[in-house]
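Good morning, and thank you for coming. Please look at the structure on the screen while I describe two of its regions.

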Amino acid sequence: MDSKSSPAGRARGELVRRGQAGYTIRLRLPHAGSSVSFFNRLMAQTRDTLREQVQRTLRNRLFVVVSNREPYIHIYRDRKIQMLRPASGLTIALDPVMRAVGGLWVAHGAGEADPEVTDDRGRVQVPPEKPAYTLKRVWLTKEQEEGYYYGLANGAFWPLCHNAFRRPVFRQSDWERYREVNGLFAQAVAEEVGDQKAFIFIQDYHWGLLPRMLKERCPRAKVAHFWHIPWPHPEVFRICPWRIDILKGMLGNDMLCFHIRHHGLNFMDTVERELEARTDRETNAIIYRGHATKIRNFPISVDFEAIQEEAASREVARKMKEFRQQFRLPPRNVGVGVDRADYTKGIPDRLRAIDRFLELHPEYIGDFAFVQVAVPSRVRVEEYRKLNEEIDTLIEEINWKYRSGSWKPIVPVREHLGRTELFALYRLARFSLVTSLQDGMNLVAKEFVAANLDEKGVLVLSEFTGAARELTQALIVNPYSADQTAEAIHRALTMDDKQVRARMHRLREIVRERNIYKWASDILRKLRRLG
Ligand code: GDG
């Protein structure tokens, strides 16, 4: 049972020394021997506290988010307009924040029915069931989308920044589309912001040039940028033919944010190497041509309470039963993996680890199942098509190798699931495998924890995710080693229940406290200090 809803029993107060900083009171709860910071619990951010803070912080300023992906997409199905929520970590994380904050979200209108529901400036109120903010869609031509999104952003920057042994493709024509689309978005934002006071919050690697463009067009706006993927070592970034333009563009920001400190330090090292700028390591700022860009880290998270609530629903319980039958799952030894089918997520490595696990522990043959949800994404990029083939082939081979009667170890799910289904799988699983070769944060790890109401799950987590810095009670693995991951699977299945519970309990405390509202609130607080 979740500790928040459980009777805490007799809690014992305890003074804990905290370095030079003095003392803080901790509550030692009888539950699973865990200790919980009393003040942290009291201070936990919620949607409501964020809303209050926003009102104080923003006052008369417009709050604008810019991203490539839109949080809601309209398509035609059976000649009717239907709305979907795309599977993207970024939009899923930011939507609850925008619902609390209000304001304007500017994004590429990618759905074929998108123009049907917008006004003549591309705007629509969302979410449809309870409008809370404005989504402004920018229309792109096929060539622009091909060059800027598939070409430059996902064919060049994505592999470059993840350093995942895929050679980035640098095409001059893609770069030109990238510049063009950054310009289009600058125009779309400026059209709404003008010379109003505003906070503009840009999302991700699609917008290397936008910050400077906005600074020039919206003189009273403060501009912050969240780079959701890693920033590589300067030696790696150096191969980018347009590195100087990108760095100058990004130094238009007042604040540039990463998930973890390491990525920010890589960025500062890169600037030192490439530009005549002053980097101040004391204050973590870069001064370029008289303008200061603060470099900060804020680990993104999930809406813990909302996931917990949904995961506890009757629909989820019903789905759990259904999945058990449909996938013929064994009573206990069930694992789950959920990813966009992306080569940075280490899906083939994970499948090889399952193969190794069954080689080492044949006693599990017939009494084990691993459900892998891998939604195809970016299939216009060749590397992604190859990856999908590799995943299908590996699953077929492993299932063939171990199949006995109608039993197979791996259950592939290659379509987009609804949240109910997703949470049912998280709850069914004894363990979850997150084996990214490189990942800015990884929200699946945090969702698995938030949905784990019964505290019966074990998280196996790659050391190369941002999440591994916070979720230290997970079983941390190097995904490049099949043997190490296989060993962690075995440990997850054989660990005694008390330890499983204690580890998951601690993980839940961390994600509950460092939830998506805290992420947003910390950023807003820093934004306010920008003036
Ligand atoms: C980037 C960074 C960073 C997946 N399949 C389904 C589905 N999903 C949802 C998951 C999760 C999200 O997609 C993926 O989250 P990640 O964190 O792995 O994100 P990326 O898309 O790689 O995004 C990453 C993130 O930005 C945020 O900053 O954490 O490091 O790479 O929420 O649940 N959701 C549904 N059905 C699916 O089939 N409903």
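Two strands pair if DSSP finds at least two bridges between them. Strands (E, at least two residues) and helices (H or I, at least four) are DSSP runs, numbered from the N terminus. This is a predicted model, in which local features need pLDDT of at least 70, side-chain atom pairs count only at pLDDT 80 or more, and totals for chains, interfaces and linings use all residues. Residues are numbered from 1 along each chain as its sequence is written, and side-chain values use heavy atoms, with hydrogens and water left out.

I begin with strand β9, residues 133-138. Strand β8 (residues 123-126) is joined to β9 by four bridges, and the two run antiparallel. Val-124 lies opposite Leu-135 of β9, and a hairpin of six residues connects β8 to β9. Strand β7 (residues 104-108) runs parallel to β9, with five bridges between them; Ala-107 has Arg-137 as its bridge partner.

Is β9 buried or exposed? Six of its six residues are buried, that is, under 20% relative accessible area with a 1.4 Å probe, counting protein chains only. In a regular strand, side chains alternate between the two faces of the sheet. In β9, Tyr-133, Leu-135 and Arg-137 are buried on one side, and Thr-134, Lys-136 and Val-138 on the other.

I turn now to the helices. The axes of α8 (residues 243-250) and α9 (residues 261-274), which are lines fitted to C-alpha atoms over the stretch in contact, come within 11 Å. They cross at roughly 120°, on a scale from 0 to 180 degrees between N-to-C directions.

Note on methods:
Buried < 20%, exposed > 50% of the residue type's maximum accessible area, 1.4 Å probe, protein only.
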